[in-house]
Amino acid sequence: MAKLIIANWKLNPATAGEAKALAKASDVDGLVVCPPFPFLEEVKDKLTHAALGAQDMFWEESGAYTGEVSGAQLYGLGVTHVILGHSERRQNLGETDEMVAKKIAVAIEIGLTPILCVGETKEEHDAGQAVEVVKREIQIGLSKVKNDLSEVTVAYEPIWAIGTGIPDNPDNTVTMVQLIQEAAGAKVPVLYGGSVKPGNAEAFLSRAEIGGALVGGASLRGEDITQIVAIAKKYR
Ligand code: PGA
């Protein structure tokens with residue numbers, strides 16, 4: 001199966017002009033570009049090869065939910081993928097496994113491909129709790145999916161590896177991929193995320209078990225992200 005690369009821009013860049021320039025520089029097949037909500041439409045206009053993704057969505061379709069954005073609204077803008085349960089949302093905004101589970105189920109119903117993010121903190125890692133934590137995130141996160149899991153993608157993102165410049169060891173990632181598929185009860189594609197750069201991408205993407213990468217920092221440079229996509233293409 002083709003490897004999938006997700007560009008998670010997070011709260012970047014500052015302006016629509018910069019977002020358009022970055023989209024243009026990142027427009028390659030096999031990439032999903034996830035800009036901040038206000039730039040979705042302008043970024044979409046610049047993409048002819050890459051797909052459009054979002055960084056979150058709410059589980060209700062409409063109503064009194066100030067500040068929220070629905071999956072149907074995203075779908076209407078041409079969004080195909082949505083990152084859900086990112087650790088920055090779990091940590092900064094108190095997103096729980098139960099909230100993430102609702103979002104995952106609704107995304108699938110709407111026709112969006114959810115990217116369920118899971119991963120342990122440094123403390124949990126050091127205490128030998130990574131397996132337990134990730135298992136729980138998978139089991140609850142996928143508990144509301146009604147049909148099979150063919151529309152689900154998971155991203156294993158150890159929190160201590162995100163934005164630190166210290167990626168996971170690919171052997172450990174492969175072990176976690178197997179654990180995730182066991183916990184899910186299906187061979188869902190599992191991406192790796194956490195300090196992926198052009199220089200270390202091959203160590204992850206060359207592994208058959210790893211389905212692609214979720215890239216934060218390096219996705220803010222067109223040159224870096226297109227290089228990562230080119231590496232992924234060698235291992236289709
Ligand atoms: P990073 O972010 O590549 O900057 O470590 C990954 C992520 O949070 O998805």
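Colleague: What are Glu137 and Arg90 called here, buried or exposed?

Modeller: Both Glu137 and Arg90 are buried. That word is used for a relative accessible area under 20%, while exposed is over 50% and partly exposed is in between (1.4 Å probe, protein chains only). Do keep in mind that this is a predicted model, where local features need pLDDT of at least 70 and side-chain atom pairs count only at pLDDT 80 or more, though totals for chains, interfaces and linings use all residues. Residues are numbered from 1 along each chain as its sequence is written, and side-chain values use heavy atoms, with hydrogens and water left out.

Colleague: What makes the Glu137 and Arg90 side chains a salt bridge?

Modeller: The rule wants a side-chain nitrogen of Lys or Arg within 4 Å of a carboxyl oxygen of Asp or Glu. Glu137 and Arg90 come out at 3.7 Å, N to O, so the pair passes that cut-off. They sit 47 residues apart, with Glu137 in helix 7 (residues 130–141) and Arg90 in helix 4. Helices here are DSSP runs (H or I, at least four residues), strands are too (E, at least two), and both are numbered from the N terminus.

Colleague: How many salt bridges are there by this rule?

Modeller: The count is 13 salt bridges. In another of them, the closest N and O atoms of Arg136 and Asp97 are 2.7 Å apart. Arg136 belongs to helix 7 and Asp97 to helix 5 (residues 97–110), so this pair ties together parts 39 residues apart in sequence.

Colleague: What is the N to O value for Asp171 and Arg207?

Modeller: That salt bridge has 2.8 Å, N to O. Asp171 is in helix 8 and Arg207 in the loop between helix 9 (198–205) and strand 8 (212–215), 36 residues apart. There is also a network, in which salt bridges that share partners join Asp56, Arg89, Glu95 and Lys103.

Colleague: Which residues line the largest cavity?

Modeller: Arg90 and Glu137 are among them, including also His86, Cys117 and Ile159. Helix 4 and strand 5 (113–118) each give two or more residues. The largest cavity holds about 30 Å³ of space.

Colleague: How big is the largest pocket in volume?

Modeller: About 370 Å³. Its lining has 15 residues, and Lys10, Leu11, Gln55, Asp56 and Arg89 are the closest to the centre.

Colleague: Where is Gln181?

Modeller: Gln181 is in helix 8, and Gln181 is one of the residues nearest the centre of the second largest pocket. With 14% relative accessibility, Gln181 counts as buried.

Notes:
On a 1 Å grid over the protein atoms alone, a cavity is a set of points where a 1.4 Å probe fits but cannot get out, and a pocket is an open set with protein on both sides within 12 Å along at least five of seven lines; lining residues have an atom within 4 Å of a point. Grid points are joined across faces, edges and corners, and a volume is the space filled by probe spheres set on the points.
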